[in-house]
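Please walk through this chain from its overall build down to single residues. Keep the viewer open while you read.

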Amino acid sequence: MNLLQIISVVSLIIGGLSCIIILIDIISGHTQKMTIMNIVWPVTGLYAGPIGLLAYFKIGRKSITENGVHIQGHDMKKMQKPFWQSVVVGTLHCGAGCTLGDIIAEFGLLIFPITLFGSILYGSWMVDFFIAFILGIIFQYYAIRPMRDGPPSKIWLSALKADTLSLASWQIGMYGMMAIAVFIIFNRRLEATEPLFWFIMQGGMLLGFCTAFPVNWWLIKKGIKEKM
């Protein structure tokens, strides 16, 4: 095992441990007021590792219930987030859908590979985007539903409007990182069975956050996406 493989394995282990730590904290009584965030934060730890842990304990803990009871009064005021932190949460919310979509797609493609323009790589990217998009809309629906009244069809439409641009901007960063790795650094297609693939994917998700953050700032500022 070469150095890069070792680094990849270590990074994935750290991501897994970060995910577990966040999950344990949530199920021990610190559940999120917005139920979908109980999924978002562990997934964030999976790819962001210690950065995800820091974000959870510094920002995510401002949106919790204590043993199922919402924090109120003076404690609520202390837990309120500044706008930039709400944008971070909104961006991570989008990224969790992308991450889960990519994981599901890549493992599915190991069994049922799909080609696009004669390329398995392009086929996998197409499937990744499609599943990530579907999950992103579902995540957005369950973020909006507690905050808005109206028929489900209207909320689904709002979710579509709120998440399409956000998800696309995230995927630009993720695909950008994967393209650099595949076409420039390694000059070969990385397999989902390799730790290196998922290590690069971790980096792609972090870059995806960077490309999606300013878009989410604009979406939330304009009221297209709910402040979280």
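Predicted model: local features only at pLDDT ≥ 70, side-chain atom pairs only at ≥ 80, totals over all residues.

Residues are numbered from 1 along each chain as its sequence is written, and side-chain values use heavy atoms, with hydrogens and water left out.

Start with the fold. The protein chain holds 8 helices and 2 strands. Both are DSSP runs numbered from the N terminus: helices are H or I with at least four residues, strands are E with at least two. In sequence order the pattern reads α-α-α-β-β-α-α-α-α-α.

Next, the dimensions. The C-alpha trace spans about 55 × 40 × 30 Å along its principal axes.

Now the surface and the interior. The protein chain exposes about 11,400 Å², and carbon and sulfur atoms supply 71% of that area. Areas come from the Shrake-Rupley method with a 1.4 Å probe; for residues, only the protein chains shown count as cover. Buried residues make up 46% of the 228. Buried means under 20% relative accessible area, exposed means over 50%, and partly exposed lies in between (1.4 Å probe, protein chains only). Of the contacts between residues at least 6 apart in sequence, 72% join residues at least 24 apart. Contact here means heavy atoms within 4.5 Å.

Turn to helix H7, residues 152-185, which contains Ser 166. Why does Ser 166 count as buried? Its relative accessibility is 0%, so Ser 166 falls in that class. Leaving aside neighbours within four places in sequence, Ser 166 is in contact with Cys 94, Ala 212, Val 215, Asn 216, Leu 219 and Lys 225. One of these partners, Asn 216, makes a side-chain to side-chain polar contact with Ser 166 at 3.0 Å. A polar contact is a pair of N or O atoms within 3.5 Å; within protein, one must be able to donate a hydrogen and the other to accept it, and residues adjacent in sequence count only if both atoms are side-chain atoms. Gly 95 is 71 residues from Ser 166 in sequence, yet their C-alpha atoms are 8.9 Å apart.

Gln 171 also lies in H7. Gln 171 is buried, with a relative accessible area of 1%. Not counting residues up to four places away in sequence, Gln 171 touches Cys 98, Asp 102, Asp 128, Phe 129, Ala 132 and Gly 176.

Move on to helix H8. Its 27 residues, 195-221, reach 39 Å from first C-alpha to last, close to the 39 Å expected at 1.5 Å a residue. The expected span is 1.5 Å times one less than the number of residues. H8 has a kink of about 35° at Ala 212, shortly before the proline Pro 214. The bend is the angle between axes fitted to the seven residues ending at a residue and the seven starting there. After H8 comes Gly 223, with a positive phi near 80°.

Finish in the loops. Phe 117 sits between helix H5 (83-111) and helix H6 (120-144). Phe 117 is not a glycine, yet its phi is positive, about 55°. Phe 117 is exposed, with a relative accessible area of 76%. Asn 187 lies in the loop between H7 and H8. Asn 187, a residue other than glycine, has a positive phi near 55°. Asn 187 is exposed, at 63% relative accessible area.
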